[in-house]
There are 2 protein chains.
Amino acid sequence: MKIAIAQLNPTIGDIFSNSNLILEAAKKATVEGVNLLLTPELSLIGYPPRDLLINPSFIVAVGAQLQQLAQDLPPELAVVVGTVVPNADGVKLGGKSLFNSAVLLQNGAVQQVFHKRLLPTYDVFDEDRYFEPGENSNYFNVGELKIGVTICEDLWNNEEFWGKRSYAGDPISDLAKLGVDLVVNLSASPYSAGKREVRSAMLQHSVIRSGIPIVYANQVGGNDDIIFDGSSFAVNRKGDLIQVLAAFETDFAVLEYDENKQDLIGSGNRQDARSTTETDLSCEPPFGDAEIWEALVLGVRDYVRKCGFSKVVLGLSGGIDSALVAAIASCAIGPENVLGVLMPSPYSSDHSVNDALELARNLGIAIELLPIGDLMKTYDRTLADLFANTTFGIAEENIQSRIRGNLLMAISNKFGHLLLSTGNKSEMSVGYCTLYGDMNGGLAVISDVPKTRVYSLCRWLNAGGYVGAVPSSPGSEIIPANIISKAPSAELKPGQIDQDSLPAYDVLDDILQRLIEHHESVPEIVAAGHDEVVVKRVVKLVRQSEFKRRQAAPGLKISDRAFGTGWRMPIAKSSSY
Amino acid sequence: MKIAIAQLNPTIGDIFSNSNLILEAAKKATVEGVNLLLTPELSLIGYPPRDLLINPSFIVAVGAQLQQLAQDLPPELAVVVGTVVPNADGVKLGGKSLFNSAVLLQNGAVQQVFHKRLLPTYDVFDEDRYFEPGENSNYFNVGELKIGVTICEDLWNNEEFWGKRSYAGDPISDLAKLGVDLVVNLSASPYSAGKREVRSAMLQHSVIRSGIPIVYANQVGGNDDIIFDGSSFAVNRKGDLIQVLAAFETDFAVLEYDENKQDLIGSGNRQDARSTTETDLSCEPPFGDAEIWEALVLGVRDYVRKCGFSKVVLGLSGGIDSALVAAIASCAIGPENVLGVLMPSPYSSDHSVNDALELARNLGIAIELLPIGDLMKTYDRTLADLFANTTFGIAEENIQSRIRGNLLMAISNKFGHLLLSTGNKSEMSVGYCTLYGDMNGGLAVISDVPKTRVYSLCRWLNAGGYVGAVPSSPGSEIIPANIISKAPSAELKPGQIDQDSLPAYDVLDDILQRLIEHHESVPEIVAAGHDEVVVKRVVKLVRQSEFKRRQAAPGLKISDRAFGTGWRMPIAKSSSY
């Protein structure tokens with residue numbers, strides 16, 4: 001039997017276009033003699049649809065579109081589509097009004113429906129807000145074959161692998177009891193650094209435990225802050241990863257289930273298995289900097305496209321953050337669609353402008369030069385009486401940042417370019433950024449990237465890590481060396497450098513990772529070798545900056561704990577926690 | 001037996017101060033010979049603590065503080081405190097790591113623990129994110145009396161009252177089976193207009209059905225966007241509301257349970273029952289404008305206080321929105337702590353400045369005048385080459401708004417005043433507001449108040465609705481008549497009025513309410529008598545403005561569906577939904 005995985009990139013709520021993606025995959029599957037086509041979780045709707053699910057007319061439209069899709073699909077092909085299904089008993093028995101479901105379409109109609117049982121409600125996930133959990137697991141038949149159906153989280157309750165049980169139910173063991181031959185999983189599993197390896201390691205572990213092979217179909221694409229890496233795969237009965245689909249791009253792959261061997265067949269070699277991907281480039285399994293780079297490029301490309309923009313604008317300070325964002329944007333949508341704006345002040349060093357100009361040349365992006373000295377003077381004059389007898393400080397520094405933010409938004413409004421903001425995670429954590437100033441933008445490209453990672457990404461880029469990322473030749477310098485080597489500075493007062501206010505970034509980033517991602521306490525962080533005074537200052541800064549983060553642009557998530565939809569902290573609260 | 005309700009205003013996470021509030025109430029209770037003291041849901045922590053609950057060291061501190069509190073309380077008094085309790089079996093059986101619990105403290109120790117069973121996970125609520133539901137309901141004894149314990153949502157699954165079942169379980173009927181004499185409820189039930197009446201009507205209905213009297217202890221105070229109105233109450237066996245505590249302020253009341261009559265005793269008269277409240281003013285049950293006014297005043301007062309500010313600043317345009325916000329702020333923290341900033345442009349009419357000055361005089365607030373004409377010219381010069389051959393439009397209009405936003409933030413940064421933003425819900429809905437301009441601020445005071453309600457609040461205020469709200473004498477004009485009567489205008493270009501771009505506000509607000517609060521479809525709204533072209537335009541504007549709302553300041557919630565923590569809409573999505 002032939003099984004195809006359609007690793008799709010749906011747009012949230014665009015059920016007509018998403019149907020067409022499924023139809024195209026079905027045509028391809030038919031040509032290749034496929035019996036069963038798998039699509040990702042909520043493939044008809046796109047994941048996560050969030051409060052679109054509260055709109056009753058949307059739910060009605062989804063139901064109608066599913067029926068239409070069933071009729072439009074090639075009749076013989078069995079297709080598993082992800083969608084929501086109303087919970088008919090909800091009003092009578094109590095419970096949420098929808099299920100997160102996989103539906104089997106064949107012969108022009110819905111043949112069977114399977115409900116997701118384990119509903120993630122943590123981090124960026126809110127599934128208990130919308131969905132009633134399914135009560136039990138089930139399978140469908142293709143010929144003699146029993147194919148058990150699971151949806152994303154259903155496969156994540158592997159007690160042995162995690163060392164803890166996350167849910168009472170365990171769909172995979174229930175399916176094993178039903179004697180299924182194969183488990184399929186429809187997923188929308190977000191990217192975070194290293195997650196792909198964890199995902200396949202966990203499911204290989206599950207397969208070895210259960211003896212049932214798994215085919216895992218993941219969504220790909222960026223949806224607001226969340227990036228889905230795709231990287232769908234198949235694991236045979238022995239636990240070998242026999243097929244891995246492309247990371248960070250749409251893909252389509254056909255697998256063979258051998259009824260005699262009662263197993264998926266394939267090489268067991270990951271590299272070979274990826275022969276279905278389109279270019280040589282993406283055949284290298286990305287890791288570390290390469291992986292994060294690809295994630296950010298996809299996140300920018302999809303946000304720009306799905307929001308209906310074609311061009312972006314950003315401020316180029318001559319610093320490393322805006323340099324990295326400009327490079328990512330150039331790779332994502334082409335340098336011809338990127339406008340960099342230089343807005344030097346009297347406090348800007350000469351090298352800032354020169355470095356920014358060199359960067360723009362290297363990338364091949366357009367630039368505009370808008371000095372802000374006159375505006376600064378006019379603000380000073382306007383506020384002269386009110387600010388008389390006060391000393392230059394944060395207020396004056398922020399005025400500069402907000403002048404730049406105003407100019408960038410004026411350009412965005414005038415020409416319809418999406419403004420990208422360029423703050424990194426280290427800054428966002430401690431509030432070393434200006435609300436309504438450099439935080440302005442529709443997308444915060446690197447707000448989940450710590451400063452130390454910003455450096456390593458730029459070094460990797462210059463080392464030719466991603467051939468073809470930008471128009472320069474392999475191995476040539478993309479980020480000007482001086483941008484990487486100089487001391488980072490906001491240049492909001494004469495001679496200022498970041499380390500006037502902050503610990504060294506390697507120290508800061510380690511403290512922040514322990515605090516934010518690992519939930520370590522102050523004593524724990526100090527025990528790891530950090531200075532107590534420094535740790536306490538950093539913790540205080542993080543807590544005090546909540547009001548800024550609340551008003552930040554959506555930021556592309558690449559860590560297990562990003563600020564954004566998965567970070568829900570009160571503002572008016574005790575300063576002790 | 002005497003039962004006291006301590007209607008407390010905790011600060012999120014400030015477990016030491018919150019303990020002291022409970023201790024003070026306990027002292028008062030002891031003086032009055034009380035046997036049982038009730039406090040609100042999560043009274044030790046404050047509701048909603050959100051992701052503070054993910055911090056392991058916070059959970060440890062909460063546990064220690066609870067033990068300390070148990071020892072510090074008068075030993076004979078039974079006190080029910082709301083807190084979180086670790087789910088010891090979570091790791092083994094699967095499930096969330098915490099319970100939302102009520103603990104009975106007496107004789108220096110925790111005597112009994114009761115877990116919340118029905119966990120709201122909708123709108124602003126995320127309880128499934130943190131909590132494992134309790135499995136069953138239970139009671140404790142005071143003498144011979146069996147007192148059943150419920151927490152907030154546990155009492156909201158009244159199938160008959162709502163016409164639908166929301167949860168499978170029904171704690172009140174389980175407690176009835178256990179033969180309890182009385183049900184107590186610890187609540188943190190947020191305010192929305194009209195909610196107080198719904199709450200008591202529902203519980204009166206429940207009491208009549210079950211025959212068991214209820215004592216309902218609600219939290220009071222503002223926590224970020226959510227306002228808790230207090231309004232705790234008691235319902236006797238017949239369903240009479242025998243006691244209602246103050247709305248929008250802390251309160252303390254003692255009730256009598258008569259063991260012979262097997263009922264709470266009291267007058268059954270709501271007005272008389274409120275004799276424990278402190279001032280005559282709050283004895284008038286607020287409704288409509290009065291109720292919303294009090295909610296907003298409390299929301300501002302608590303946000304300012306709990307964030308550690310003492311003064312606020314806001315822009316005074318001469319329009320009605322900023323006039324209302326200035327009045328609310330004056331009432332909340334005193335006019336001496338409010339600074340109004342007038343920032344006229346060449347497009348501002350004379351009456352704008354005069355109206356704003358008159359308002360400031362009426363309220364007794366300080367003002368600053370900062371004309372922005374020079375700044376506008378300097379931006380024009382700075383952008384002249386780039387914007388050559390383009391026509392004046394949104395970009396230029398927004399520059400003005402962002403100049404004002406920059407000046408206001410400069411004042412906020414310089415003097416440590418909290419900036420209040422003044423946009424109303426109608427504007428926020430359709431995006432008739434400038435991101436990083438007039439949307440700037442730490443708190444969006446009226447972002448859940450439709451424009452038509454802004455007018456009615458101002459008229460009510462001028463009619464002397466709230467005596468003592470502001471320093472003028474009763475019935476005198478607070479909002480200058482011209483501010484109410486003139487056509488609303490953003491004054492960002494010559495002769496501009498809001499209705500150049502938007503339908504009349506009564507039409508707009510009705511469409512918005514149907515769309516946003518009632519989830520009506522376009523055909524349904526048209527069927528209600530609205531023009532289809534207008535409806536479609538409004539719907540489109542609402543959908544296109546999501547990116548602005550995502551970056552808005554927290555806004556005080558007064559409706560059943562506010563933008564903010566309970567509104568979770570994707571940005572990059574189909575334009576059809």
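This is a predicted model: local features need pLDDT of at least 70, side-chain atom pairs count only at pLDDT 80 or more; totals for chains, interfaces and linings use all residues.
Leaving aside residues up to four places away in sequence, Leu38(B) touches Ile3(B), Ala4(B), Ile5(B), Ala6(B), Val80(B), Val184(B), Leu186(B), Val215(B) and Ala217(B).

## An enclosed strand in chain A

Next, have a look at strand β9 of chain A, residues 214-218. Is this strand enclosed or open? Of its 5 residues, 5 are buried, so the rest of the structure largely encloses the strand. Both of its faces are covered: Ile214(A), Tyr216(A) and Asn218(A) are buried on one side, and Val215(A) and Ala217(A) are buried on the other.

Strand β9(A) also has a partner. Strand β8 of chain A, residues 182-187, pairs with β9(A) in the parallel sense, and the pairing runs over 5 bridges.

## Two domains in chain A

Chain A is divided into two domains: domain 1 covers 2-285, while domain 2 is made of 290-502 together with 545-550. Taken over C-alpha atoms, the centres of these two domains of chain A are separated by 39 Å.

Where do the domains meet? The contact involves 11 residues of domain 1 of chain A and 11 residues of domain 2 of chain A. On the domain 1 side, β10 (220-223) and β11 (226-229) of chain A each supply at least two residues. By class, the residues on that side of domain 1 are 6 nonpolar, 3 polar and 2 charged.

## How the two chains sit together

Now zoom out to both chains. Chain B superposes on chain A by a rotation of 180° with 0.0 Å of shift along the axis, and the RMSD is 0.0 Å. This is the relation of a two-fold axis. If you want to find the axis from chain B, look for Gln551(B): its C-alpha is the nearest to the axis in that chain, at 2.1 Å. Both copies use the same surface, as 99% of the contact residues of chain B recur in chain A.

How many residues take part in the contact between the chains? There are 80 from chain B and 79 from chain A. On the chain B side, at least two residues come from each of α2, α3 (90-93), α4 (127-130), α9 (289-306), α12 (373-383), α13 (394-415) and α20 (546-550). Helix α13(B) gives the largest share of that side, with 14 residues. Sorted by class, the side of chain B that touches chain A has 37 nonpolar, 24 polar and 19 charged residues.

## Backbone details to look for

Some backbone features deserve a visit of their own. The peptide bond from Tyr47(A) to Pro48(A) is cis, with omega near 0°, and Pro48(A) is found in the loop between β2 (36-38) and α2 (56-72) of chain A. In chain B, a cis peptide bond joins Tyr47(B) and Pro48(B), with omega about 0°. Pro48(B) lies in the loop between β2 (36-38) and α2 (56-72) of chain B.

Two other residues have a positive phi without being glycine. Ser231(A), with phi of about 55°, is found in the loop between β11 and β12 (233-235) of chain A. Is Ser231(A) buried or exposed? Ser231(A) counts as buried because it has 26 C-beta neighbours inside 10 Å. Gln262(B) has phi near 50° and lies in the loop between β14 (251-258) and β15 (263-265) of chain B. With 14 other C-beta atoms within 10 Å, Gln262(B) is partly exposed.

## An exposed strand residue

Finish the tour at Asp258(A), found in strand β14 of chain A, residues 251-258. Asp258(A) counts as exposed, because it has 12 C-beta neighbours inside 10 Å and the cut-off for exposed is 12 or fewer.

Which residues does Asp258(A) touch? Not counting residues up to four places away in sequence, they are Asp263(A) and Ile265(A). For a sense of distance, Asp258(A) and Gln204(A) are 54 residues apart in sequence, and their C-alpha atoms are 19 Å apart in space.

Methods: Residues are numbered from 1 along each chain as its sequence is written. Chains are lettered from A and ligands numbered from 1 in the order in which they are written. Copies are superposed by least squares on the C-alpha atoms of residues with pLDDT of at least 70 in both. Two residues are in contact if their C-beta atoms, placed from the backbone, lie within 7 Å. Domain bounds come from an automatic or database domain assignment. Helices (H or I, at least four residues) and strands (E, at least two) are DSSP runs, numbered from the N terminus. Ala, Val, Leu, Ile, Met, Phe, Trp, Tyr, Cys and Pro count as nonpolar, Asp, Glu, Lys and Arg as charged, and the others, Gly among them, as polar. A residue is buried if 20 or more other C-beta atoms lie within 10 Å of its own, exposed if 12 or fewer, and partly exposed in between; C-beta atoms are placed from the backbone. Two strands pair if DSSP finds at least two bridges between them.
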